[in-house]
Amino acid sequence: MRRIMGKFLFLSVLLFIFVPSVAYAGAVPVRLVIDGAEVPYLSAPPIILNDRTLVPVREVFERVGGVVGWHAAHRQVSLFYGYNVLVLTIDELNANLNGNLIEMDIPAIIYNDRTMVPLRFPSEVFGFEVDWDDENRAAIVNSTGNGAANGVAQEADEPEVLYAFIEFPEFPDSANAPLIQDELDEQPQDNYPPNESEYEDNSNKEDLPWDGTVGELPPPGTVVTTDEDSALARDISTSAIQTISFPQTTITDLQTPLDTGTAAYVIRASSAISEVHHFLLPDNRLVVDIHNATALISGDFYAPGIVPVSGVRASQFSQTPQVTRVVFDVVGEAEYSISLSADRTLLTVSFSKNKISNVFAHSDAHSDTLVIQGDVLPSINISTEGFPHFITVNIDNARMDAVGGIFPNGMFASQFSTGERADGTAFIRVYVRGDWPSFSVASSANSVAFMLHRGVTGVRYDSVNRELRISRAFDMNIHELPRINDYLNFRYTFTLPHSADVLGRGDISILDGFINSVSIACNENGAVNLTFNTARVMSFSIHQDEYYYVIRAHLPREVSPFIVVIDPGHGGTDPGAIQNGVVEKDMVLDVSHKIMHFVDASPFITGYMTRRTDTFVSLLNRAEFANNLGADLFISVHANAAEIRRGVINPDVHGIETWYTVGELEAAANNTMDSRRLAEIVQANKIQATAANNRGVRNAPNFVVLRETQMPAVLLELGFLTNPAEAARLSDSAYQWLLAHAIYQSIVESFAAHPPRR
């Protein structure tokens with residue numbers, strides 16, 4: 001792991017806190033100035049209550065380089081700055097600074113659905129200067145940046161070694177920090193909360209009239225425009241964009257409404273887009289972030305008057321991780337929607353509903369094809385809810401202006417009908433004939449072709465029960481079918497005997513939110529590979545009845561009593577620590593595979609790894625992988641390094657430790673495991689197995705993989721690679737097996753003592 005000496009400089013973490021609001025009589029709004037600049041676009045204005053100024057918590061402390069955390073179960077706000085941690089409890093006067101009890105004269109409160117904290121108390125304990133401008137009714141903060149807590153002494157160094165919060169990647173400046181979200185009581189659909197200061201452009205502020213967005217204080221008596229006075233745009237997207245892992249893509253083009261001839265912008269990628277997030281800033285700027293994407297486009301794009309947009313900009317927002325950002329300056333109460341094409345290469349930002357103007361069918365000797373034309377490319381998904389009579393093509397955020405019709409001489413389909421739902425989706429029902437066809441989807445500029453064809457015979461998919469039914473026209477032993485669970489690439493393959501050639505070859509498009517498609521193809525040995533290409537990690541079972549072999553898709557939590565995620569730290573371009581001939585990323589991968597050897601042998605525990613080879617996986621993706629699985633435990637495997645100062649190691653430090661983060665679960669209330677108890681169990685078993693120096697369990701509130709996971713999670717430090725003897729042991733396979741078995745024993749002990757609830 002990388003070690004950073006000296007004072008910790010925390011990267012900003014973006015956070016909205018949503019908790020029930022309380023009305024406080026006599027609260028008077030004021031203005032806030034930090035280091036000479038007025039803070040624009042506050043999530044809630046500062047107020048004066050009982051002669052004390054209260055501010056929205058993240059507006060102050062993230063702007064001066066601190067980190068804000070929220071623990072919903074305890075109604076507590078944690079402020080991390082320098083070496084100091086200050087914990088405030090809502091509506092309570094007692095606070096905790098670095099483990100010491102302190103009493104305030106006014107508590108933190110909930111006001112207008114925002115967490116408000118007294119400005120002077122935490123500012124002064126962190127070493128800031130606080131003043132009051134009575135003429136302009138402004139609270140003024142001068143950040144000294146020293147992070148020195150007044151009133152409680154804090155040692156700068158530990159005698160042996162300093163530990164950096166190594167889970168944060170390094171960025172050239174805070175503007176390129178990754179967008180990381182703390183725990184929320186509520187989360188806007190498909191949004192993550194922004195930190196408005198990162199997007200504020202005040203380069204020409206001297207030329208602008210004062211409107212609350214620039215640093216200078218306005219003349220006395222100026223009427224300030226607040227968020228409540230502005231009409232905000234509204235997201236009318238009818239479905240969220242699912243995150244699916246693909247190789248890195250390149251954003252090659254942004255087409256304006258003049259190019260598309262519609263009220264939509266179309267962003268084009270060179271290959272499938274993995275992940276899209278979007279959010280609306282309080283000044284009506286719509287921010288669209290395309291993850292795992294480099295940008296060939298940059299600068300300003302034309303905003304014609306036919307759409308409610310006054311400006312559009314695109315840029316490479318971040319290099320690590322790769323994020324392309326497009327920002328739309330939306331005018332007024334515009335409605336917008338965001339959708340991806342079926343092949344995930346076209347991202348459409350539309351400022352009107354997509355009008356489906358024409359739907360027509362044609363047939364040839366090979367297929368029946370339904371062509372769906374809209375103002376912009378229709379965003380569709382397929383449902384077999386009408387199995388076995390019809391297939392439904394659902395179209396997001398669309399108005400249906402086309403009528404139904406027939407398939408002339410259709411081999412697989414007879415007719416189709418059209419309609420529109422109250423939730424804003426349009427749909428087309430395609431009525432199929434006796435033989436259930438295969439189907440596929442192709443896209444062009446503003447139309448989608450839905451094709452029904454032969455190619456796969458005797459196979460039907462039921463999206464209601466998530467079942468693939470294969471006609472029993474051949475014999476096979478379903479209990480001996482080879483399987484490959486390539487879950488990191490969202491693929492699950494059954495190898496069928498050669499006699500299954502009667503199924504034919506081809507793809508079955510499904511697109512039901514769980515399964516994208518099923519592919520049937522010959523492998524190099526002449527057998528048939530039946531591959532499920534999934535939208536998320538799935539489990540599969542197979543049984544047979546009188547007429548069919550039935551393969552059923554399950555969410556892992558539906559079939560696995562216990563789920564654990566093993567996270568080998570670092571990987572790929574991030575080697576971790578390299579000392580005494582040992583590379584951390586390789587050693588922890590070896591140990592993780594050994595842990596999985598024991599886990600895979602258990603009939604009751606299902607294990608997954610965040611990486612199985614030497615590949616780079618971002619910290620957030622590791623946590624999101626475990627969260628999307630609904631895992632019960634998360635164990636991140638690392639090795640340690642010690643430095644006296646940067647570049648100068650301390651070879652004498654040695655031992656094993658385990659890190660955890662408090663707050664995600666309450667063992668007493670839920671009768672289940674929490675992170676600290678898990679850390680204690682793992683640490684005890686590692687020490688018993690190895691007789692290594694016991695460095696204990698430690699709280700790490702800002703390790704991303706611990707903070708962002710939604711289940712009990714620990715980070716294991718197996719020893720110090722900077723200690724020659726310990727590095728030699730960690731590179732020894734027999735010692736790795738000892739550690740792996742101890743960690744597996746800890747998993748079993750945790751599940752036995754506190755079985756998770758399903």
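**Note on the salt bridges**

1. Arginine 676 pairs with glutamate 680 in a salt bridge, with 3.3 Å between the closest N and O atoms. The term requires a side-chain nitrogen of Lys or Arg within 4 Å of a carboxyl oxygen of Asp or Glu. Both residues sit in helix 8 (residues 675-690), 4 residues apart, or about one turn of the helix. Helices here are DSSP runs of H or I with at least four residues, numbered from the N terminus. Arginine 676 is partly exposed, at 43% relative accessible area. Glutamate 680 is partly exposed too, at 31%.

2. Salt bridges with shared partners link Asp462, Glu467, Arg469 and Arg552 into one network. Within it, glutamate 467 bridges to arginine 469, with the closest N and O atoms 3.2 Å apart. Glutamate 467 is buried, at 6% relative accessible area. Buried means under 20%, exposed over 50%, and partly exposed in between (1.4 Å probe, protein chains only).

3. Arginine 491 and aspartate 486 form a salt bridge through their side chains, at 3.0 Å from N to O. Aspartate 486 is buried, with a relative accessible area of 14%. Arginine 491 is partly exposed, at 37%.

4. The total is 21 salt bridges.

5. On the basis of these values: the model is predicted, so local features need pLDDT of at least 70 and side-chain atom pairs count only at pLDDT 80 or more, while totals for chains, interfaces and linings use all residues. Residues are numbered from 1 along each chain as its sequence is written, and side-chain values use heavy atoms, leaving out hydrogens and water.

Technical notes. Helices (H or I, at least four residues) and strands (E, at least two) are DSSP runs, numbered from the N terminus.
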